[in-house]
Amino acid sequence: MCGFVSIVNSNLNTDKLNNIFNKLSGLNFHRGPDDINKIEKKKYSILFRRLKIIDLSKNANQPFLSNDGKIVLVFNGEIYNYLELKNELEQKNISFKTSSDTEVLLKSYEVWGLDFIKKIRGMFSFIIFDERINKIYCFRDHLGQKPFYYSFFSEGLILSSEIKDIILVKNKNEINENEKVVLKYLLRGWSDDTNETFYKDIFTLPAGCMGIIEGSKIKIKKYWKLEINQNKKFDLEEFNYNFNQNINLHLRADVPIAFTLSGGLDSSSIVKTSLENNNINYKAFSFNSEYEEENDEKIFIDEFIKENSLNHSYVDCREGLNGDILEKILSIQDEPINAVSFVNQFLLRKHIHKQGYKVLLVGEGGDELLGGYNRMFIPFINSVYLNKNKPIPQILIDNIKKNLGSSFLNFKKNLDNYKDILNRNNDIEDLEVFNFLKIKESNLPSDLKFYNDSKPDDENSFKKFLYCHLFKRDLPHILRLEDRISMGNSIENRTPFVDYKFMEYVFSLNESFFMKDGFSKYMLRKIMNDKLPHKYLHKKKIGRPGSSKVMIFNNYYEKFCDYLNSFQNNIYFDPRLILDNLRNDNKNLKYRTNNDSYFRILNYVIWKNNLQSNLI
């Protein structure tokens, strides 16, 4: 896990280029504190920061050169199946001078050409500078777990792992906010679902894509897309095999591995499988949620620890919530965040880093892939039963009712109205946001009115609903936030549920098994049925620790008011209106109504303030 920045086809003179690279050397140190190197050539220059995970020797440092020196590789991420690829290459009489996955990646390109990407299983962003054919190839992993940014500027093209590198290189008059992305974020909380960022003319290489640079142009090509039309029957042993194989691949490292552990199914399944398969007493860390009003999972975690004799630590993050924690996180993220839970996750990783860990396995992506949210039950019932004119099984209704409790009546109402979705003005989930923004519901841009690609009458509409969560609604910004909060603490986070091969397997199964009998993540529950405490498998879903209410009114109220007092009026909202509403809610103890909108506005105000400070 590392970070890179490259300036391509630059008109910068040598002195100016050296000055830029000297400044870049001290920036984003967290992405690679173990080593830093640079290469300066006629058509491109590279700065690389390394966090050593596999092959800790200096022989595996980057930029990595081919034997003849005509191919240069910079690589951020991990190739999980590198040992299998290495064995395949050795059978072709290819020799290796390191034990790194970096060299395997370069040799794979040399032997198989661009088709090598079809063999790679991992998370990655990398650049191949091939001087033999005068081309530069850029690649980003299938789901976009690892960042890859690029931007043209007056003196060339910049490729980088983080936006702040690009901001440092570009002229200040070339840095502007992207109004389209900001409005979507304030309306929905969504981001990172296109190639655009919060900065105008700074782009991401899309997930599952490669970029070909020739001269002053970059051509983007898709190399992978998740298919949804297979409908195999769920087989318990087959699912168990694929899950176990996937976890084992994610446990390859030459440094100790840690885990996050909540009281939920996803992280506990990963930890339990890792313990069983490797006979290693891994270390797990949990957020101490005893003081949380609604999200305390300590009773479940304690039972898991006791049953597995797990090496484990609780981390109390309350002290870190004081001061300027949001400002610190946004300076690492470079863009606004949309959930308070990631503040706690950042502080948790800060503690894990102090304990000496560089690799962390997390359970992100399980809900999006397997059907883990309550909001998914309605599209599931519609696609599996109503669209096929099948009766809804009573066991399914009974279990949903048991899970939802008093909100079941609202669930039934939403189910009855689900088919009417296309007759509404939009599919924005939280309409309270219009109380704060200048734009009105009736004046929404057409591309922001309906953002869910799944239509109620579509075939396999439930899989399409999940697909939207994986590529638009949830996972893109989760992966961005996960990468930054981990790498901000020099930790490589690994997300087994986001492995594209495992994802392809899951999506090959008939959608009727995803939430069968009214149980979210039914297939994962089945394989873990005899491995996890009963409480894990049948408890109600609990949200991540972290409250917008607490952050807004306990930690940031006075500072938020100060920000709004000094904030200039803009095209999105009236700061005075927000301030009046905020003070009124605080005075009348209305702490449960507008918190998500407040949190996004607070993030935007801090981000905008940071942006303006960088441009002064």
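Three bridges join strand 13 to strand 14, and the two strands run parallel. Strands here are DSSP runs of E with at least two residues, helices are DSSP runs of H or I with at least four residues, and both are numbered from the N terminus. Two strands pair if DSSP finds at least two bridges between them. This is a predicted model, in which local features need pLDDT of at least 70 and side-chain atom pairs count only at pLDDT 80 or more, while totals for chains, interfaces and linings use all residues. Residues are numbered from 1 along each chain as its sequence is written, and side-chain values use heavy atoms, with hydrogens and water left out.

- Five strands form an open sheet with parallel pairing, in the order 15-14-13-16-17.
- Strand 15 (311-315) and strand 17 (492-494) are at the edges with a single partner strand each, so one side of each has no neighbour in the sheet.
- From one strand to the next, the twist averages 30°. Angles run from 0 to 180 degrees between N-to-C directions, and axes are lines fitted to C-alpha atoms, for helices over the stretch in contact.
- Strand 14 (residues 283-287) and strand 15 pair in the parallel sense over five bridges, and the bridge partner of A284 in strand 15 is H312.
- Helix 8 (residues 298-308) packs on this sheet and touches strand 14 and strand 15; contact means heavy atoms within 4.5 Å. The direction of helix 8 makes about 160° with that of strand 15.

**Strand 13 within that sheet**

- In a regular strand the side chains alternate between the two faces of the sheet.
- Strand 13 (residues 257-260) is covered on both faces: I257 and F259 on one side, and A258 and T260 on the other, are all buried. Buried means under 20% relative accessible area, exposed means over 50%, and partly exposed lies in between (1.4 Å probe, protein chains only).
- F259 stands opposite A284 in strand 14.
- Strand 13 also pairs with strand 16 (residues 359-361), in the parallel sense and over three bridges. There A258 stands opposite L360.

- Six strands form an open sheet with antiparallel pairing, in the order 4-5-6-7-11-12.
- Its edge strands are strand 4 (64-65) and strand 12 (217-222), each of which pairs on one side only.
- Strand 11 (residues 209-214) pairs with strand 12 in the antiparallel sense over six bridges. The bridge partner of G211 in strand 12 is I220.
- Helix 3 (residues 101-112) packs on the sheet, touching strand 4, strand 5 (71-79), strand 6 (122-130) and strand 7 (135-140). The direction of helix 3 makes about 125° with that of strand 5.

**Salt bridges**

- A search of the whole structure finds 39 salt bridges. A salt bridge is a side-chain nitrogen of Lys or Arg within 4 Å of a carboxyl oxygen of Asp or Glu.
- D192 forms a salt bridge with R480, with the closest N and O atoms 3.1 Å apart. D192 lies in the loop between helix 5 (179-188) and strand 10 (203-204) and R480 in helix 17 (residues 475-487), so the pair ties together parts that are 288 residues apart in sequence.
- D192 counts as partly exposed at 22% relative accessibility, whereas R480 counts as buried at 5%.
- K38 forms a salt bridge with E40, with the closest N and O atoms 3.9 Å apart. K38 is partly exposed, with a relative accessible area of 40%, and E40 is partly exposed, with 36%.
- D302 forms a salt bridge with K298, with the closest N and O atoms 3.0 Å apart. These two residues are four apart in helix 8, and about one helical turn separates them. D302 is partly exposed, with a relative accessible area of 32%.
- Salt bridges that share partners join R31, K146, E162, K164, D334, D483 and R484 into one network.

**The buried residue E432**

- E432 lies in the loop between helix 14 (408-417) and helix 15 (446-449).
- E432 is buried yet has no salt bridge, and the nearest side chain of opposite charge, R600, is 6.4 Å away. Lys and Arg count as positive and Asp and Glu as negative, while His and the chain ends are not counted.
- The side chains of E432 and S597 are joined by a polar contact of 3.3 Å. A polar contact is a pair of N or O atoms within 3.5 Å; within protein, one must be able to donate a hydrogen and the other to accept it, and residues adjacent in sequence count only if both atoms are side-chain atoms.
- Not counting residues up to four places away in sequence, E432 touches T593, N594, N595 and S597.
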